[in-house]
Amino acid sequence: MTTGMVDVEDSTSCGRADGTPRPSSDPRGDLRPNRPTSARVASLMLAGKDHLAADRTLLDRLRAEDATCVDAVRRGREFLHRAVRLLAERGLEQFLDLGCGLTTGVPGTALAPIHTSVLTTRPGARVAYVDRDPVVLAHARALLDVPAPARVRHVHADIAATSLIATLREQAGLEWHRPVAAVLGDVLHELSDPQARSLLAALRRELPAGSVLVLSHRAADTGARARAARVAACWAQAGLPWHPRTPDAVDALLDGWERQDFGAGPAAGGAVAGVYVTVAVGCGGGW
């Protein structure tokens with residue numbers, strides 16, 4: 001990520017005077033309360049309680065540019081819960097939530113962590129949450145004791161790091177000869193195209209045969225590109241990366257992955273009301 005964080009309080013606009021976005025950075029290790037974080041903003045969008053004034057200010061600006069953003073986040077999260085529950089029902093027992101964020105809601109809500117949908121169906125499943133935000137890690141310490149410490153883990157790692165797979169092999173507590181569901185829920189937009197392609201290629205190459213990708217990605221149609229650019233500028237001014245993509249652009253990132261239709265969302269993936277969702281396999285097998 002590039003550097004050059006800008007305080008939200010510095011300006012009421014969402015970019016430079018010439019309309020171009022300000023440089024973005026990745027301040028997820030910055031605990032200063034006057035700076036928003038993507039995890040807290042996402043929690044706020046899903047009616048969570050883990051947010052500060054800076055996060056609320058940013059969300060107000062985002063909603064001023066895109067009144068549908070909160071609904072899109074909620075729909076994407078609901079899709080993830082349906083998908084992991086169906087995968088658990090079909091026998092999959094290992095799940096990686098990559099860039100998990102502050103998923104601290106009670107079971108049955110969109111903000112609930114995915115293990116609440118997995119372990120009720122598949123009590124023997126293993127779930128590993130992965131994030132680099134220290135606030136997320138702090139909340140995860142409480143999560144580890146509920147409901148089964150041996151089944152739920154948290155890994156402090158950057159999903160954009162080239163060392164991610166090695167870190168997961170060492171710390172995630174999964175069996176790497178058995179299929180894994182890799183969940184990317186509303187997080188891939190934080191990565192540039194090269195970073196996203198690198199991550200998806202690494203997952204397709206390194207995950208065990210029969211593994212599955214579960215993806216949700218806020219996606220603008222071709223007629224909403226100007227609005228998406230304004231939203232990206234709001235995030236950029238806050239010092240947070242945001243890479244708007246059309247459904248076709250998300251499809252291009254998924255080169256080599258085979259879309260699956262098993263009832264969790266649109267057949268073969270696609271965008272519905274601002275959110276792109278898909279389940280895909282890239283390591284052999286199918287669901």
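The legends below describe several close-up views of one predicted model.

In this predicted model, local features are described where pLDDT is at least 70 and side-chain atom pairs count only at pLDDT 80 or more, while totals for chains, interfaces and linings use all residues. Residues are numbered from 1 along each chain as its sequence is written, and side-chain values use heavy atoms, with hydrogens and water left out.

**Figure 1. The protein chain as a whole.** The protein chain holds nine helices and eight strands, where helices (H or I, at least four residues) and strands (E, at least two) are DSSP runs, numbered from the N terminus. Of its 287 residues, 54% are buried; buried means under 20% relative accessible area, exposed means over 50%, and partly exposed lies in between, with a 1.4 Å probe and protein chains only. Contact means heavy atoms within 4.5 Å, and among contacts between residues at least 6 apart in sequence, 74% join residues at least 24 apart.

**Figure 2. The largest nonpolar core.** A nonpolar core is a set of buried Ala, Val, Leu, Ile, Met, Phe, Trp, Tyr and Cys residues joined through side-chain atoms within 4.5 Å. The largest such core has 34 residues, and L96, L168 and L184 touch the most other members. At least two residues of this core come from each of β1 (94-98), β2 (126-131), α6 (164-171), β4 (181-185), α7 (193-206), β5 (212-218), α9 (247-253) and β8 (275-281). Helix α7 gives the largest share, five residues. A second, separate core has 27 residues, including V152, V183, V279 and V281.

Figure 3. Leaving aside neighbours within four places in sequence, L184 is in contact with L98, I159, L199, L200, L203, L213, V214, L215 and S216.

**Figure 4. Helices α1 and α2.** Helix α1 (residues 38-45) is mostly covered, with seven of its eight residues buried, namely S38, A39, R40, V41, S43, L44 and M45. Helix α2 (residues 53-65) has 13 residues and reaches 19 Å from its first C-alpha to its last, close to the 18 Å expected at 1.5 Å a residue, where the expected span is 1.5 Å times one less than the number of residues. The buried residues of α2 include A54, D55, L58, L59, R61 and L62. They cover an arc of only 160° around the axis, which puts them on the same side of α2; the arc is that of the directions from the helix axis to the C-beta atoms. What covers these buried residues includes α1, α3 (69-89) and α8 (225-237), whereas the face of α2 turned away from its buried side carries the exposed residues D60 and A64.

**Figure 5. The aromatic pair.** The structure holds one aromatic pair. The rings of W235 and W242 have their centres 5.1 Å apart and their planes at 5°, so the pair is stacked. Rings of Phe, Tyr and Trp (its six-membered ring) pair if their centres lie within 6.5 Å, and planes under 30 degrees apart count as stacked, over 60 as edge-to-face and the rest as tilted. Both W235 and W242 are buried.

**Figure 6. Two loop residues with positive phi.** Most residues other than glycine have a negative phi. A47, which lies in the loop between α1 and α2, has a positive phi of about 70° although it is not a glycine, and at 68% relative accessibility this residue counts as exposed. D186, in the loop between β4 and α7, has a positive phi near 55°, but D186 is buried, with a relative accessible area of 17%.

**Figure 7. V281 and R204.** V281 has its place in strand β8 and, at 3% relative accessibility, counts as buried. V281 and R204 are 77 residues apart in sequence and 8.1 Å apart in space, C-alpha to C-alpha.
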